[in-house]
There are 2 protein chains.
Amino acid sequence: MRSVPRSVERLIEELNRLPGIGPKTASRLTFYLLRSPQEQVQALARAIGEMHEMVVTCSVCFNIAETSPCPICDDSQRDRTMLCVVEEPLDVLAIERIRQYDGLYHVLHGAISPIEGMGPEDLKIAELVERLGKNPVEEVILATNPSLEGESTAMYVSRQLATLGIRVTRLAQGLPMGGDLEYADEVTLTRALEGRREI
Amino acid sequence: MRSVPRSVERLIEELNRLPGIGPKTASRLTFYLLRSPQEQVQALARAIGEMHEMVVTCSVCFNIAETSPCPICDDSQRDRTMLCVVEEPLDVLAIERIRQYDGLYHVLHGAISPIEGMGPEDLKIAELVERLGKNPVEEVILATNPSLEGESTAMYVSRQLATLGIRVTRLAQGLPMGGDLEYADEVTLTRALEGRREI
């Protein structure tokens, strides 16, 4: 005895497989789509279905793009003396959004994580070293996440680059804007104190 | 200068239109799908695209189904003396899940909400009265939400049914299981006290 049509159940199941979407959110989204205009729903289905075939990985920076080299690597206006190393394509998006950085990127596609079985050889680190050997830059900004994995990855990468004589920097850590000192975790507060600046 | 492929941007936009999914979650889901196996992604796209054409509204209870009358209305095993009135198809699903109710349903498709411009005439209330006139039951359970809108709707519907001489009940209100008395809101605590039972 089923109280919900098979096609509805199937969509709930598929949505439930996505990260951060539990059975309740999956149901809610499904019933929302059921009430939505057919065109909006079909637009979503198309956007999902077509994305894979449109997207490639840039052979230079390993960011995702519709062309390779990607528009950023291909843009002669960008500062080719700076290279920002990030974990994921999403991080490129975040940095581009602030419009304060004009250099190039290198996407590692992950971070070193023994627990998840991710070693340096699973990341685009060898490719980074090779790229910098062929096209040297003045500064490499290690913009991996401020997490245990991101820190380990930054340490590992910086050691790999040590012999190249390039300036290697890391994004500043401290209290986030709008944050409350009282609720800051110990590591953040320690970093904020260590990194204090004269005003 | 775009840092993200158009097809990826398009999916982020489409997901962002869904309720409860902000730009960050939309990006996260999109990049997750980008890394997922092609088959899983296509299964999701198909599930979304096909749902609309497979689903109809039951002409008897107005629940969604793939046939009309729906499997519940069509099931001769179910108790035809009980009718449970709910706001949305999702509520039918929730009640069916607990496997404690064996009667029929009636889906109103919303609740009375002057703010959202939803009046009684926008709901399947006239259809409910007509249905009960033709096929009387012994008890109508008003299972609209325990919200201002749900309460108003239950009051309105109960007044419409007053002349039919049917027993009209409402789901109990009180402290939720696992809840903490200290954090219960005043209305819930008032209802819990009013509805107290001997143990």
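Student: Where is P69(A) placed in chain A?

Tutor: P69(A) lies in the loop between β2 (64-65) and α4 (71-74) of chain A. Keep in mind that this is a predicted model.

Student: What makes the peptide bond from S68(A) to P69(A) cis?

Tutor: Its omega angle is near 0°, and that is the mark of the cis form here. Chain B has a cis peptide bond too, joining S68(B) and P69(B) with omega about 0°. P69(B) is found in the loop between β2 (64-65) and α4 (71-74) of chain B. Most peptide bonds are trans.

Student: Which residues meet where α1(B) and α2(B) touch?

Tutor: From α1(B) come V8(B), L11(B), I12(B), L15(B) and N16(B). Among their partners in α2(B) are P23(B), A26(B), F31(B) and L34(B). Sorted by class, this contact has 10 nonpolar, three polar and no charged residues.

Student: And what makes α3(A) oblique to α2(B)?

Tutor: Here the axes of α3(A), residues 38-54, and α2(B) come within 10 Å and cross at roughly 50°. Roughly parallel needs an angle under 35 degrees, and roughly perpendicular starts at 65. The value falls between those limits, so α3(A) is oblique to α2(B). I48(A), M51(A) and H52(A) in α3(A) meet T30(B), L33(B) and L34(B) in α2(B). By class that contact has four nonpolar, two polar and no charged residues.

Student: How many residues of the two chains are in contact?

Tutor: On the chain B side there are 57, in contact with 57 residues of chain A. About 5,100 Å² is buried between the chains, and carbon and sulfur atoms give 71% of that area. In chain B, the residues that lose the most area to chain A are I48(B), M51(B) and H52(B), together 13% of what that side buries.

Student: How do you know that R35(A) and E88(B) form a salt bridge?

Tutor: Their side chains meet with N to O at 3.7 Å. The limit is 4 Å between a side-chain nitrogen of Lys or Arg and a carboxyl oxygen of Asp or Glu. The pair is within that limit, so R35(A) and E88(B) qualify. Four salt bridges are counted between chain B and chain A, and the count over all chains is 20.

Student: What makes E9(A) and R6(A) a salt bridge?

Tutor: Their closest N and O atoms are 3.5 Å apart, so the pair is within the 4 Å cut-off. Side chains of opposite charge can pair when their charged atoms come close.

Student: Why are E9(A) and R6(A) separated by about one helical turn?

Tutor: Because E9(A) and R6(A) are three residues apart in helix α1 (residues 6-16) of chain A, about one helical turn separates them.

Conventions:
Residues numbered from 1 in each chain as written. Chains lettered and ligands numbered in written order. Predicted model: local features only at pLDDT ≥ 70, side-chain atom pairs only at ≥ 80, totals over all residues. Heavy atoms only, no water. Contact = heavy atoms within 4.5 Å. Helix = DSSP H or I, 4+ residues; strand = E, 2+ residues; numbered from the N terminus. Nonpolar A, V, L, I, M, F, W, Y, C, P; charged D, E, K, R; others polar. Buried area = accessible area lost by both parts, 1.4 Å probe. Axes fitted to C-alpha atoms, helices over the stretch in contact; angles between N-to-C directions. Parallel < 35°, antiparallel > 145°, perpendicular 65-115°, else oblique.
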